[in-house]
Amino acid sequence: MVSKTFGSAVHGVDARTITVEVNVTQGKQFHMSGLPDTAVKESEHRVESSMKSLGYFMPRNKVVVNLAPADIRKEGSAYDLPIALCILSASGQITTDQLEKYVIMGELSLDGDLRPIKGVLPIAIQSRKENFKGFILPKTNAREAAIVNNLEVIGVETLQEAIDFIIGKKVIEPLVVDTRDVFQSSLNSYDSDFKDVQGQENIKRALEIAAAGGHNAIMIGPPGAGKTMLAKRLPTILPPLTLNEALETTKIHSVAGRIGADSTLLTTRPFRSPHHTISDVALVGGGGNPQPGEISLSHNGVLFLDELPEFKRTVLEVMRQPMEDRKVTISRAKVSIEYPANFMLVASMNPCPCGYYNHPEKECVCGPGVVQRYLSKVSGPLLDRIDLHVEVVPVSFDQMTTQRKNETSEEIRVRVVKAREIQTERFKGQKEIYCNAMMPSNMVKEICVITDAGRTLLKTAMERLGLSARAYDRILKVSRTIADLAGTDDIKIEHLAEAIQYRSLDREGWAG
């Protein structure tokens, strides 16, 4: 007898429906076809043990399990539940006509309990798209799947509970989540705030500009100056996520298995801060079983690289292409997977190995040429993709102990949102260009028009400060963002002057 239900395979951030077929006939042994990986093949033992623990039996006849389409590789342990239900149906231990109406996924433990799985959100989205009646899955994943409307989400805790539901012995009410209510109730609920930062007004201003134009930024300063603290607060002033952005971000975290138990939608912009010992695969994604890397997990948010020169050069170089394309493509012999990677890069670094080069009070003990060699660990092509170079100086005692009320993140975010609205109108109709930082060179000439006085200032700055040619476009983009924050159509000379000061690492002689 043949029994059939449906599961799903996740590739990249999208799911593809898999047909799970089981045939129990005369003969011996257990056979599985359809390009299963080791975890899928091992389901035989998990399924048999869980069935026996509940009083059922594994047929001693020939059991053939087929996962179709057979040319797509099936990975992971989430096929345990559909295989178990199909075996019970095909062997006549349960009778039901409901199996083909549902997508069923879940990993079984040896005693019949269900463990959580990865990639629930893209599976739920695909299930609704293909008009399935519902999605049966572990209860701990149910809230994540329930943000997809018009799909019955049935959360079960054990194999027995799934059996009782599928044969009609037990009624389980579908879990319903008001997606928009969840989205609005926790939007912008950050634990940190810029009001906690004393002093550093120039750095706050630079980060406001970075947030308003989507610019990448690097902070250079001694240890303890507040670089990390400032970077962690950058997401709090970025424009709020839209519902589509929240769903897209949640899909990536779901595929990576980083959605917590009983969690639903990610409503705050992600902030990822990998350690400098990270490998290039962990940063951009990949591996034997391809998974999204840190640059994809920070999609629609901030990727913070602390102590940038300490990262391996190969790790930093693999970021260059994703930073330009806003996506990363992982190619294998038989499959190519694409993950989105639209993130803001914020980096920090000490100016030298000892950390005190250009310090106002402490003396640098690094020898001649050491500072330059330290800075050269970060390649020119990578710095070329960073618009703002900001020098951070330590906060004085008087600034730390002042009782002056600081601006909150919400107050700063209001100005950032207004600037982004101007850019949204400016780039209406442009494909994949949403903010000033994304402008190509030909568009910079058209949009970032400067006066004769501004052109003279820029020429003088490039000659006297020894700014590189790559700084030219960056200065114009940043000055356009400063003008947007000021609410002016024209780039004025003061906007250019402020943008020029954010090119510290391009100045000749900066590192001695």
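The legends below describe close-up views of a predicted model.

Residues are numbered from 1 along each chain as its sequence is written, and side-chain values use heavy atoms, with hydrogens and water left out. Local features need pLDDT of at least 70 and side-chain atom pairs count only at pLDDT 80 or more, while totals for chains, interfaces and linings use all residues.

**Figure 1. Overview of the protein chain.** The secondary structure comprises 22 helices and 18 strands; helices (H or I, at least four residues) and strands (E, at least two) are DSSP runs, numbered from the N terminus. The C-alpha trace spans about 90 × 50 × 45 Å along its principal axes. Of the 512 residues in the chain, 54% are buried. Buried stands for under 20% relative accessible area, exposed for over 50%, and partly exposed for values in between (1.4 Å probe, protein chains only).

**Figure 2. Lining of the largest pocket.** This pocket has a volume of about 890 Å³. Its lining has 31 residues, and those closest to the centre are Glu245, Asn300, Asn342, Tyr434 and Met438. Helices α10 (243–255) and α18 (409–426) each supply at least two lining residues, and the largest share, five residues, comes from α18. By class, the lining has twelve nonpolar, nine polar and ten charged residues. Ala, Val, Leu, Ile, Met, Phe, Trp, Tyr, Cys and Pro count as nonpolar, Asp, Glu, Lys and Arg as charged, and the others, Gly among them, as polar. Pockets are found on a 1 Å grid over the protein atoms alone: a pocket is an open set of points where a 1.4 Å probe fits, with protein on both sides within 12 Å along at least five of seven lines, and lining residues have an atom within 4 Å of a point. Grid points are joined across faces, edges and corners, and the volume is the space filled by probe spheres set on the points.

**Figure 3. Lining of the second largest pocket.** The volume of the second largest pocket is about 760 Å³. Val10, Arg73, Lys74, Glu75 and Asn289 are the closest to its centre among the 32 residues that line it. Two or more lining residues come from each of β1 (2–11) and β16 (336–340), with β1 giving the most, four residues. The lining divides into 15 nonpolar, nine polar and eight charged residues.

**Figure 4. Open parallel sheet of five strands.** The strand order is β11-β14-β17-β10-β18, with parallel pairing; two strands pair if DSSP finds at least two bridges between them. β11 (271–272) and β18 (388–391) stand at the edges with a single partner strand each, so one side of each has no neighbour in the sheet. Within the sheet, β10 (residues 217–220) and β17 (residues 344–349) pair over four bridges in the parallel sense. In this pairing, alanine 217 stands opposite valine 346 in β17.

**Figure 5. Hairpin of β15 and β16.** Four residues lie between the two strands of this hairpin, which pair over five bridges in the antiparallel sense. Threonine 329 stands opposite glutamate 338 in β16. In a regular strand the side chains alternate between the two faces of the sheet.

**Figure 6. Aromatic pair of tyrosine 102 and phenylalanine 165.** The structure has three aromatic pairs. Rings of Phe, Tyr and Trp (its six-membered ring) pair if their centres lie within 6.5 Å; planes under 30 degrees apart count as stacked, over 60 as edge-to-face and the rest as tilted. The ring centres of tyrosine 102 and phenylalanine 165 are 5.7 Å apart and the planes stand at 80 degrees, so this pair is edge-to-face. Tyrosine 102 belongs to strand β5 (residues 102–104) and phenylalanine 165 to helix α6 (residues 159–166), so the pair ties together parts that are 63 residues apart in sequence. Both tyrosine 102 and phenylalanine 165 are buried.

Figure 7. Zero disulfides are found in a search of the whole structure, a disulfide being a pair of cysteine sulfur atoms within 2.5 Å. The cysteine sulfur closest to that of cysteine 448 is in cysteine 435, 12 Å away, which is too far for a bond. Cysteine 448 is buried at 4% relative accessibility. Cysteine 86 is also buried, with a relative accessible area of 0%.

Figure 8. Lysine 52 is in helix α2 (residues 43–53) and counts as partly exposed at 47% relative accessibility. Its C-alpha atom is separated by 9.0 Å from that of leucine 110, 58 residues apart along the chain.
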